[in-house]
Amino acid sequence: MKPLDLLQQSLHKRVLVEMKGGRSFRGVLDAFDQHLNLVLSSAEEVVKDAVTPRAGLTLVRGDSVVYISP
Amino acid sequence: MKPLDLLQQSLHKRVLVEMKGGRSFRGVLDAFDQHLNLVLSSAEEVVKDAVTPRAGLTLVRGDSVVYISP
Amino acid sequence: MKPLDLLQQSLHKRVLVEMKGGRSFRGVLDAFDQHLNLVLSSAEEVVKDAVTPRAGLTLVRGDSVVYISP
Amino acid sequence: MKPLDLLQQSLHKRVLVEMKGGRSFRGVLDAFDQHLNLVLSSAEEVVKDAVTPRAGLTLVRGDSVVYISP
Amino acid sequence: MKPLDLLQQSLHKRVLVEMKGGRSFRGVLDAFDQHLNLVLSSAEEVVKDAVTPRAGLTLVRGDSVVYISP
Amino acid sequence: MKPLDLLQQSLHKRVLVEMKGGRSFRGVLDAFDQHLNLVLSSAEEVVKDAVTPRAGLTLVRGDSVVYISP
Amino acid sequence: MKPLDLLQQSLHKRVLVEMKGGRSFRGVLDAFDQHLNLVLSSAEEVVKDAVTPRAGLTLVRGDSVVYISP
């Protein structure tokens, strides 16, 4: 199995997305592609200790993703 | 569905575009391509707390985009 | 319509080109390609508050472009 | 033999993944692809001296990987 | 016309090449390719205010080029 | 001859691998590919003056390599 | 003529290779490819004012090269 096949198992589940530059997101993984572009729903953005809810669907560019974890 | 299919739902709606280097835009998403190059109308650029309106159509290079949110 | 189709509308008009590293250009957009390499005429380069006129045609590498605005 | 063939020998074994920006992971290598995207299980994230366990499967983007070692 | 067609007009003429990291070159543009790799003759390298003449042909890697101007 | 053909001569010999960010490795070059992904055995990692032995096979991502020397 | 054709003229001659991050090499150019990966013999590495001779063949990754000059 390849990494992106395993990411399939996280679809529609809540994930932590750690990004370059000290930003992270928590949200439900609604879609992804082979570049690791992601769509999150019910997302919260965390920068240092500041949490900002993001309504609707957030599209995260794969280029800025460091890791994705449950 | 893939991330860029979901972005289709934001066409002609107001979005927040967070960019590398602490810059962000708010504006109406008029067009995008697979690199996440974007065209925004009625856009405002935000750097720290300074807001600058940008008349006409602003083309944002996908390479600098971190995420797009409603 | 795609972003680069819309950029077609700015051809031969004055644009602001914001670049990585705090540099920007104002000039007439004479040409562009799919990498966002640009040719500007009657250009002025702005770094912080220092404005330098650039005679002739300035070729800007797309890789350094952040956004293009009227 | 090519580097990624040799990485095959580390499958299902515990590895250290050193990443850009001073972050590292220890975990069991469950999958990888040619971009060095990795899936780790039973992973611990280490930033400076702070160790954070990561439940489930962590997908690490290859772009951020510096080296992988037993 | 495309940007690289217009660069053709600068062949064998003196150009300023501004590069990433605060370095620039002045020299005669003897060759270029689609990556903006350049060959300059009679070149001077400028870093801050220090000017260093470079004998012979200097090959500049396109990846480091920010803009080219007469 | 091309650079990677010459690297063939260093196979199974001890090399110094200088990497971005002030890290280097010394070890026996067991494999490489066209991206300069490397496998080193009997490797030591050097960061500033701290030397850490790395047991087994270390896979170094080519993207972080600056140069390879005997 | 294209830039890499002109580099052909520097084969087996002594060159200066300026690299990202304040490092440079002087050595005889024994091979290069289209990525500007280089092989240097009789090379000296210069970081600030510290000169380190590098025995044998040094393979420099093109990605780190800024310019090559006689």
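What rotation and what shift along its axis superpose chain A on chain D?

1. The model is predicted. Superposing chain A on chain D takes a rotation of 51 degrees with 0.0 Å of shift along the axis, and the RMSD is 0.0 Å.

2. Which surfaces do the copies use, the same or different ones? Only 5% of the interface residues of chain G are also interface residues in chain E, so these copies meet through different surfaces.

3. The interface of chain G and chain E brings 20 residues of chain G into contact with 20 residues of chain E. About 1,500 Å² is buried between chain G and chain E, and carbon and sulfur atoms give 58% of that area. On the side of chain G, the residues G:Pro3, G:Val66 and G:Tyr67 supply 36% of the area that this chain buries against chain E, more than any other three residues.

4. Polar terms are also present. The count of salt bridges between chain G and chain E is two. One of the two joins the side chains of G:Glu18 and E:Arg23, at 3.7 Å from N to O. Across this interface, eight residue pairs are in polar contact, both residues being at pLDDT 80 or more.

5. Which elements of chain G give two or more residues to the side that touches chain E? They are α1 (3-8), β1 (14-19) and β5 (65-69) of chain G. Of these, β5(G) gives the most, with five residues. By class, the side of chain G that touches chain E holds 12 nonpolar, four polar and four charged residues.

6. Strand β4 (residues 50-60) of chain E is joined to β5(G) by two bridges, and the two strands run antiparallel. Within β5(G), G:Tyr67 is the bridge partner of E:Val60. G:Tyr67 is also one of the three residues named above for their share of the area that chain G buries against chain E.

7. Some pairs of chains have no contact. Chain C and chain D do not touch, and their nearest C-alpha atoms are 18 Å apart. Chain B and chain G are not joined by any contact either; the closest C-alpha atoms of chain B and chain G lie 18 Å apart.

Technical notes
Residues are numbered from 1 along each chain as its sequence is written. Chains are lettered from A and ligands numbered from 1 in the order in which they are written. This is a predicted model: local features need pLDDT of at least 70, side-chain atom pairs count only at pLDDT 80 or more; totals for chains, interfaces and linings use all residues. Side-chain values use heavy atoms; hydrogens and water are left out. Contact means heavy atoms within 4.5 Å. Copies are superposed by least squares on the C-alpha atoms of residues with pLDDT of at least 70 in both. Buried area is the accessible area (1.4 Å probe) that two parts lose on being put together, summed over both. A salt bridge is a side-chain nitrogen of Lys or Arg within 4 Å of a carboxyl oxygen of Asp or Glu. A polar contact is a pair of N or O atoms within 3.5 Å; within protein, one must be able to donate a hydrogen and the other to accept it, and residues adjacent in sequence count only if both atoms are side-chain atoms. Helices (H or I, at least four residues) and strands (E, at least two) are DSSP runs, numbered from the N terminus. Ala, Val, Leu, Ile, Met, Phe, Trp, Tyr, Cys and Pro count as nonpolar, Asp, Glu, Lys and Arg as charged, and the others, Gly among them, as polar. Two strands pair if DSSP finds at least two bridges between them.
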